[in-house]
Amino acid sequence: MKKYIIILISALFAVLPALSQNDNVGKKVGPVEIRDKDNNPIMLPRLGEKHLLIFYVDPDKPNQNKDFREHLEKNHIESDNIYGFGIVNLKDAPMLPNGIVRNMAAKKAAENDADIFFDPSHAVKDAWALGDCNNKFIIMFVTKEGVIEFFRWGKYSEQDIADFYEVIDKYK
């Protein structure tokens, strides 16, 4: 009997991360304060004006989904309806000095003509109840209406990438 309980508990823990990701899809989100490149507080840009493609990244996991990230850097998503940007999750990288992370992010933003913002306090994670974001490369797509239409974290499968493009094509 104990063996079956252990198997059941193990299976439950294997399924929980996937459930928490799916729980975010369809969730209505609102304004949240983040930081700009100069560490000034700003409200999340363009929420309610455009569809948002948000890359919420833990900086101590820079190589997670590297191939997909590099593909997107070379093949920008072009649409007047979508505003894409990155938010660096500084809170989950306590061993990396924020100043160094900001400088590295500024260089990457300049190379890719991208906007990058910062979340030093889990403001986005907490305000939107995203779950555990530590050690994860997260892509979120939030509609103009403030609804999360796409949410993935961790290592992406080919199906995750196909699902991503299906959502992007729907809102272009």
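Which residue forms a salt bridge with Glu49? Select Glu49 and Arg46 together: they are the pair, and their closest N and O atoms are 3.8 Å apart. A salt bridge here is a side-chain nitrogen of Lys or Arg within 4 Å of a carboxyl oxygen of Asp or Glu.

Before moving on, a word on the model. It is predicted, so local features need pLDDT of at least 70 and side-chain atom pairs count only at pLDDT 80 or more, while totals for chains, interfaces and linings use all residues. Residues are numbered from 1 along each chain as its sequence is written, and side-chain values use heavy atoms, with hydrogens and water left out.

Now show the surface around the first pair. Glu49 is exposed, at 54% relative accessible area, whereas Arg46 is partly exposed, at 35%. (Buried means under 20% relative accessible area, exposed over 50%, and partly exposed in between, with a 1.4 Å probe and protein chains only.)

Next, select helix H2, residues 66-74. Helices are DSSP runs of H or I with at least four residues, numbered from the N terminus. Within H2, Arg69 and Glu73 sit 4 residues apart, about one turn of the helix. They form a salt bridge, with 3.5 Å between the closest N and O atoms. Arg69 counts as buried at 18% relative accessibility, and Glu73 as partly exposed at 21%.

For the last stop, go to Lys125 and Asp126, a salt bridge whose closest N and O atoms are 3.3 Å apart. Lys125 is buried, at 19% relative accessibility.

How values were computed:
Helix = DSSP H or I, 4+ residues; strand = E, 2+ residues; numbered from the N terminus.
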